[in-house]
Amino acid sequence: MELVQVLVIRRDLWLSLGWPIGAIVAQGAHASVAVLNKYQEHGGVKEYLSNLNSMTKVVKEVRSQEKLTNLSQKLIEMEIPHYLWIEQPENVPTCLATIPLPKDQLPPPLRKLQLFKNTATTNAGQLLMLAIMLNE
């Protein structure tokens with residue numbers, strides 16, 4: 001059974017709020033370490049950590065703080081162990097991480113999310129082309 005840890009990061013931190021990508025990566029690292037520590041006695045966590053060269057993570061995105069906290073609530077209702085990282089001292093939810101889960105059994109709220117991708121350059125290129133066309 002292949003285990004995968006899912007990290008869900010707020011996309012607006014980067015696109016709307018201008019957080020540096022390094023700070024966003026750190027949010028994922030914080031959430032990942034926190035959930036593995038909190039649930040260190042869970043069988044899935046023990047199995048995941050038993051082979052450090054095969055730890056698989058999937059990084060997905062939500063578009064806002066509200067969507068992240070709603071997702072966390074859904075996972076609580078479904079009894080899916082996870083950790084919602086809240087950056088301090090700002091007290092801002094930034095990322096959540098699940099315990100390692102069977103890849104083929106991810107719950108629907110996680111499966112349906114898009115992968116976190118770098119589309120800023122694509123969006124910037126599209127805006128540049130639009131500006132050029134408007135100026136012609």
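Modeller: His82 counts as buried because its relative accessibility is 8%, where buried means under 20% relative accessible area, exposed over 50% and partly exposed in between, with a 1.4 Å probe and protein chains only. This is a predicted model, in which local features need pLDDT of at least 70, side-chain atom pairs count only at pLDDT 80 or more, and totals for chains, interfaces and linings use all residues. Residues are numbered from 1 along each chain as its sequence is written, and side-chain values use heavy atoms, leaving out hydrogens and water.

Colleague: Which side chain does His82 join in a polar contact?

Modeller: The side chains of His82 and Ser72 are joined at 2.8 Å, and a polar atom of the His82 side chain also lies 2.9 Å from the backbone oxygen of Ile80. A polar contact is a pair of N or O atoms within 3.5 Å; within protein, one must be able to donate a hydrogen and the other to accept it, and residues adjacent in sequence count only if both atoms are side-chain atoms.

Colleague: Switching to Thr94, is that residue buried or exposed?

Modeller: Thr94 counts as buried, because its relative accessibility is 0%.

Colleague: And what does the Thr94 side chain join?

Modeller: A polar contact of 2.8 Å links the side chain of Thr94 to that of Gln27.

Colleague: New topic: how many aromatic pairs are there?

Modeller: The count is two, with rings of Phe, Tyr and Trp (its six-membered ring) pairing if their centres lie within 6.5 Å, and planes under 30 degrees apart counting as stacked, over 60 as edge-to-face and the rest as tilted. The Tyr83 and Trp85 rings have centres 6.2 Å apart and planes at 35 degrees, so this pair is tilted.
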